[in-house]
Amino acid sequence: MTTQAAASTLDSLSIQELQGRVVQGLKACLPSHALLFNSEDTTPYECDGLTAYRQRPLAVALPEDPTQVQALLRTCQGLGVPVVARGAGTGLSGGALPHQRGVTLSLARFNKILAVDPVARTATVQCGVRNLAISEAAAAHNLYYAPDPSSQIACTIGGNVAENSGGVHCLKYGLTLHNILKIKGFTMAGEPVTFGSDALDAPGYDLMSVVIGSEGMLAIVTEVTVKLTPKPQLARCIMASFDDITKAGDAVAAVIAAGIIPAGLEMMDKPMTAAVEDYVHAGYDLSAAAILLCESDGTPEEVEEEIGRMSDVLRGAGATQIAVSRDEGERLKFWSGRKNAFPASGRISPDYMCMDSTIPRKRVADILMAIAEMEKKYALRCANVFHAGDGNLHPLILFDANQADQLHRAELFGAEILETSVAMGGTVTGEHGVGVEKLNSMCVQFSAAENEQFFGVKRAFDPARLLNPDKVIPTLQRCAEYGKMLVRGGKLSHPDLPRY
């Protein structure tokens, strides 16, 4: 029986009947302790960091070696059952939201660091290794893994690959894509695949660039070889205050225009500064309309020269106050607020929706002023923090899901931020992925022909479309319906997704 025929047969089964068939199949390739299917066991897997949408899977598989992953995929392929990969569950766009009639593949037990090569400056790790754990393992060799998303203490390298994560130092050191040499894993059919190589280049098409950021739609990643970066001799951070958001936004563009590429260039508006200062007591200027954190690293001589140049540019752009970290402890203190922006927001609001889009650097002030108007329109607060150096926004829309219509208004607010970003010459996502959250906004950025090209890539890897289906790429029908809703002045919400 073909996969399509199997899927058609399974569609006629009830959830209970389908679960029974799937569990029976998986028991043949997984030990009993590696398979969860009772509701009380699968409930913890019902969402990722986007908690507004929840769905229990038929079963959760926790394989312990690549052979088990391969057998699981072949079983699910034969049954025509979808598979959704999951790392630490820290994603913020619903990329790991389970499929109601599918299996969640947790890779949490793939947590071994296989090798650290200080001469080649690489580390080979399993996909479930935490981002920060790589740097900890390489510290003895004075090396570290550069991408540092705010969730680095918990997020896994496999999840970083899925979303092409960045972090506060991505301006100088790049995203996940720029710090990976090789990826190993399996296709949905259980075929072993390797993307990239241990060398600086690999033969054939650059499929590693296609897989990184594909949100688990093309292959299951089990092993990653990352590049390690020498620790700088010194790092110092400038904290600059501005009494006007426009001045702060212009300062970002001015730093880059001066030919300076800081190790980090981050921005927080006044509501976010207040939230994080109350949480971590980093010494932020609570009277400032916006704060910039600008870091320099390198040799002591390089840092001194660059800190001086950046300070001059920031003063020229209208900074009202400039503080430079005096030691490593103070530098980490400056960054502590930025790194804890999300948990700090959780202390001032029952719920929040963290958006993720990009805009040209010169439009930073424009998008912040537009968001301020949207706050009035949707009667919701929004705290802003973002990677200012590369225009990657992270507005946090604050709401209470227990209050009637607030979640819906938050969705509308978020969609308008994304669509305004596109109108300003940006994109609907920077590093959090599309998942289920941004499906409608994909219809705004990409044409039907472009989305069909995306589906073409998907079919090349996964013809039956069983890996993380119904995410990332909107269907032609969905975009048509969304277009009609826009004409009527409404918005199309995510269909068939259980909420709070």
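**View 1. The open sheet of five strands.** In this predicted model, five strands form an open sheet in the order β5-β6-β10-β8-β9, with antiparallel pairing; strands are DSSP runs of E with at least two residues, helices are DSSP runs of H or I with at least four residues, and both are numbered from the N terminus. Two strands count as paired if DSSP finds at least two bridges between them. At the edges stand β5 (113–117) and β9 (192–196), each of which pairs on one side only, and from one strand to the next the twist averages 10 degrees. Strands β5 and β6 (residues 122–126) run antiparallel and are joined by four bridges, and Asp117 has Thr122 in β6 as its bridge partner. Helix α5 (residues 131–138) packs on this sheet and touches β5, β6 and β10, where contact means heavy atoms within 4.5 Å. The direction of α5 makes about 45 degrees with that of β5; angles run from 0 to 180 degrees between N-to-C directions, and axes are lines fitted to C-alpha atoms, for helices over the stretch in contact.

Residues are numbered from 1 along each chain as its sequence is written, and side-chain values use heavy atoms, with hydrogens and water left out. Because the model is predicted, local features need pLDDT of at least 70 and side-chain atom pairs count only at pLDDT 80 or more, while totals for chains, interfaces and linings use all residues.

**View 2. The open sheet of four strands.** This open sheet has the order β1-β2-β4-β3, and its pairing is mixed. Strands β1 (35–36) and β3 stand at the edges with a single partner strand each, so one side of each is left without a neighbour in the sheet. Over two bridges, β1 pairs in the antiparallel sense with strand β2 (residues 59–61), and Leu35 has Ala61 in β2 as its bridge partner.

**View 3. The packing of α10 against α13.** Helix α10 (residues 270–280) packs with α13 at an angle of about 90 degrees, their axes lying 9 Å apart. The two helices α10 and α13 are therefore roughly perpendicular to each other, a term that covers angles of 65 to 115 degrees. From α10, Met272, Ala275, Val276, Asp278 and Tyr279 meet Ala341, Pro343, Ala344, Ser345, Arg347 and Ile348 in α13. The residues of this contact divide into eight nonpolar, one polar and two charged; Ala, Val, Leu, Ile, Met, Phe, Trp, Tyr, Cys and Pro count as nonpolar, Asp, Glu, Lys and Arg as charged, and the others, Gly among them, as polar.

**View 4. The largest pocket.** The largest pocket is lined by 50 residues, of which Thr90, Gly91, Cys155, Gly159 and Glu163 lie nearest its centre. The elements that give two or more residues to this lining are β3 (83–86), α6 (157–163), β10 (220–227), α12 (328–339) and α13 (341–348), and α6 provides the largest share, six residues. By class, the lining of the largest pocket has 20 nonpolar, 22 polar and eight charged residues. On a 1 Å grid over the protein atoms alone, a pocket is an open set of points with protein on both sides within 12 Å along at least five of seven lines, a cavity is a set of points where a 1.4 Å probe fits but cannot get out, and lining residues have an atom within 4 Å of a point.

How values were computed. Angles under 35 degrees count as roughly parallel, over 145 as roughly antiparallel, 65 to 115 as roughly perpendicular and the rest as oblique.
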